[in-house]
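Have a look at the protein below and turn it around for a moment. Then we can walk through some of its parts together.

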Amino acid sequence: MAARQPGALTPGLRQVPVPAPDLETIVSLAKRRGFVFPSAEIYGGFANAYDYGPLGVELKRNIREAWWRSMVQERDDVVGLDAALITNPLVWVGSGHVANFTDPLVDCKRCQRRFRADHLEEGAYGEVPRDANGNPLCPYDGGELTEPRQFNMMFRTQVGPVADEANMAYLPPETAQGIFVNFVNVQQAMRRKLPFGIAQTRVSFRNEITPGRFIFRTLEFEQMEMEYFCMPPRDRDNPTEYLALHRQWVEERLRWYIEVIGIAPERLRLRDHDRDELSHYSAATTDIEYLFPWGWGELEGIAARTDFDLSSHAKLSGQPLTYFDEETGQHVVPWVIEPAAGLTRTLAVVLLDAYSEEPDEKGEKRVVLKFKPRLAPIKVAVLPLSKNDALRPTARRVYDMLRPLWMTQYDETQSIGRRYRRQDEIGTPCCVTIDFQTVGEDGQPGDDCVTIRDRDTQEQVRVPISGLVAALEERVPRC
Ligand code: ATP
């Protein structure tokens, strides 16, 4: 939100810049192969809005499930929540969004285009022209810019037929507040002891006016957020244990991107927010950044939000949002660590990072999306060697057998080489080929074996159909 100063880089990761492929390559592949389409294209599109196609929807689901598995299912201290999107507008007063979720807006006096002053400084428009005093000028025509005015980024809507202030509501710009206002409900219903977390994934909305660079910045986007509630520190001014817990979450989230999502560590770095960049209530914030084709950009922010949110909501609502500590017999307001990730921004990173060009079996260029198998939208492709009536029944039988277990695609058009390349380009980890040896030929019986071809090594192994599920299970998780 706020203007960004370059902060301290946490040492430890290799800071070798290895550029991702250029954005155009990914945007065009994403559209051609059904991952992401510009929204309402037949009407000329809509700035900062995208639609997710059949493969994009699967990829998004798989990233969300990987997050939920790591953050909720595999942990014993985190539970889930799905709070209403449209709710009492006082939530956004209590959270401070009505007063403070603003960004500085400037207009070009010549062409009247609008910009976020912080985005001009951060390079969202590349190198901008400047006046003699070093102030930015319009990136389109070099015109002078107005003084910044604060602009609230929340979308407003109305509930009911009358459009007056009393019926006004907001579309949520983040998921966290639904968690804070439910803290007591969840803690009591689930009989949780501190520390514990509440996780939520869902859509958020922000009135973004900066050109979004594909799905990096959009009007609506999905977030994956968790609030981790812990005991308040003994010394508010020197919260050593609390800051250590924050560090643990930073490490854990970084590990997730590398080990679970498979992002190259060379393209990830940690950036601690400088003191003047922190919100007044925050004890520390660290961003996990990715090396996008245009430079480093935020992928996730891990914020140590102290007791700010619970205290603010308690003050405005008049309801105590506290925890009863049995040991001391006192009611305390928990402190919070918040890892806040963008699901759709992660999807852009997964596409960029998985992209690779390399030689195929014949030495020609093949494009491969090297997704971790668990993220691949299609796990298995069933490919009869050719479009032939003798092969089809067995191929369809194999397809029917695999479909309930994995997202599976059937394809019998064009040469087998082209079909392998098509599957490589959408990142399918395994192709299963049915040939004439499988079904038998010239009166000879078949061996009922099929070939599994590996996306990354292009190696092929022959396995009996009866052992196919077990052989695939070694290569692709069943999810
Ligand atoms: P930015 O500085 O890029 O606008 P932010 O610091 O305002 O992001 P947060 O409020 O910390 O973002 O939101 C958490 C995460 O949500 C971000 O790290 C990002 O992955 C995602 N996110 C935020 N705004 C958008 C958007 N307009 N489009 C897509 N993803 C977004």
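## Before we start

This is a predicted model, in which local features need pLDDT of at least 70 and side-chain atom pairs count only at pLDDT 80 or more, while totals for chains, interfaces and linings use all residues. Residues are numbered from 1 along each chain as its sequence is written, and side-chain values use heavy atoms, with hydrogens and water left out.

## The annotated span

An unreviewed UniProt entry places the annotation "domain: Aminoacyl-transfer RNA synthetases class-II family profile" on residues 22–373. UniProt positions are given here in the numbering of this model, feature names are shortened, and annotations may be inferred rather than shown by experiment.

Residues 22–373 are 29% helix and 28% strand, and their end C-alpha atoms lie 24 Å apart. Helices (H or I, at least four residues) and strands (E, at least two) are DSSP runs, numbered from the N terminus.

## A buried strand

Is strand β13 (residues 284–292) buried or exposed? Nine of its nine residues are buried, so β13 is largely enclosed by the rest of the structure. Buried means under 20% relative accessible area, exposed over 50%, and partly exposed in between (1.4 Å probe, protein chains only). A284, T286, I288, Y290 and F292 point one way from β13, while T285, D287, E289 and L291 point the other way.

Which strands does β13 pair with? Two strands pair if DSSP finds at least two bridges between them. Strand β12 (residues 268–272) pairs with β13 in the antiparallel sense over five bridges, and here R271 stands opposite D287. Strand β14 (residues 295–306) also runs antiparallel to β13, joined to it by nine bridges, and G301 in β14 is the bridge partner of D287. Two residues lie between β13 and β14, which form a hairpin.

## A five-stranded sheet

Further along, five strands form an open sheet of mixed pairing, in the order β21-β20-β22-β23-β24. Its edge strands, β21 (408–410) and β24 (460–464), each pair on one side only. From one strand to the next, the twist averages 25°. Within this sheet, β22 (residues 430–434) and β23 (residues 449–454) pair in the antiparallel sense over four bridges, with C430 opposite D454 in β23.

## Helices on the sheet

Helix α11 (residues 392–402) lies across β20 (380–384), β21 and β22, running at about 165° to β21. Helix α12 (residues 416–425) packs on the sheet and touches β20, β21, β22, β23 and β24; its direction makes about 170° with that of β20. Contact means heavy atoms within 4.5 Å. Axes are lines fitted to C-alpha atoms, for helices over the stretch in contact, and angles run from 0 to 180 degrees between N-to-C directions.
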